[in-house]
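Here are a few notes from my pass through the model, jotted down as I went.

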Amino acid sequence: MTDEELRVSKIENGTVIDHIPGSQALNVLAILGIDGTGGETVSIGMNVPSDRLGRKDVVKVEDRELSQSEVDVLSLIAPAATINIIRGFEVVEKHRVERPETVTGVLQCSNKHCITAEDEPVDSRFEVLDDGVRCVYCDSITRENIAAELLI
Ligand code: CTP
Ligand code: ZN
């Protein structure tokens, strides 16, 4: 049994998002639109010791699976995350998130002179880099704290 399992109990059905960078769990919940008012049962481990990441966060959402677009956005702030689908207490599916080539409409450009920041009907669009995102309109690159640019 790992340290993490001692801290947060197993779930019967739902999704475990594992190997989230330490301190990003609340941003993951924001991406999933979970603020508690929906009544979901959610367990969170924050800054749990991890061999691979040093410290990691873990989010367990019961009776819920994630959409591909949620996973795409998640991959921006948690590139090493593992999505585990749990049924009857067993891990029936496990996959690493994959980073999409571009994301449209989910991040705002931090350049206040960018056309997407004006009152124009232009959806933001970013090319996903290994270490950040690049606005396709003004070429601004965001590497740190991508979560702060989330539009959702
Ligand atoms: N888990 C859970 N409830 C279950 C089964 C698993 O909450 N009924 C959680 C585990 O605590 C772990 C994750 O789902 O955080 C993946 O489980 P498992 O594949 O058994 O763990 P590991 O082998 O450690 O995963 P990995 O190799 O991806 O690190
Ligand atoms: Zn821009």
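1. Strand S2 (residues 42-50) is where you'll find Asn 47. This is a predicted model, and the backbone at this spot deserves a look: phi of Asn 47 is near 55°, a positive value in a residue other than glycine. Most residues other than glycine have a negative phi. As for solvent, Asn 47 counts as partly exposed, at 37% relative accessibility.

2. His 19 is another one to check, with a phi near 60°, again positive in a residue other than glycine. His 19 sits in strand S1 (residues 14-21). Is His 19 buried or exposed? With a relative accessible area of 13%, His 19 falls under the 20% cut-off, so it counts as buried.

3. On to the domains. The chain splits into domain 1 (3-96) and domain 2 (102-149), and their C-alpha centres are 26 Å apart. Contact involves 5 residues of domain 1 and 7 residues of domain 2.

4. How much area do domain 1 and domain 2 bury between them? About 420 Å², with 88% of it on carbon and sulfur atoms. On the domain 1 side, Val 73, Leu 76 and Ile 77 supply 82% of the area buried against domain 2, more than any other three residues.

5. Helix H3 (residues 68-77) gives the largest share of domain 1's touching side, 3 residues. By type, that side has 3 nonpolar residues, 2 polar and no charged.

Key: Residues are numbered from 1 along each chain as its sequence is written. Chains are lettered from A and ligands numbered from 1 in the order in which they are written. This is a predicted model: local features need pLDDT of at least 70, side-chain atom pairs count only at pLDDT 80 or more; totals for chains, interfaces and linings use all residues. Side-chain values use heavy atoms; hydrogens and water are left out. Domain bounds come from an automatic or database domain assignment. Contact means heavy atoms within 4.5 Å. Buried area is the accessible area (1.4 Å probe) that two parts lose on being put together, summed over both. Helices (H or I, at least four residues) and strands (E, at least two) are DSSP runs, numbered from the N terminus. Ala, Val, Leu, Ile, Met, Phe, Trp, Tyr, Cys and Pro count as nonpolar, Asp, Glu, Lys and Arg as charged, and the others, Gly among them, as polar. Buried means under 20% relative accessible area, exposed over 50%, partly exposed in between (1.4 Å probe, protein chains only).
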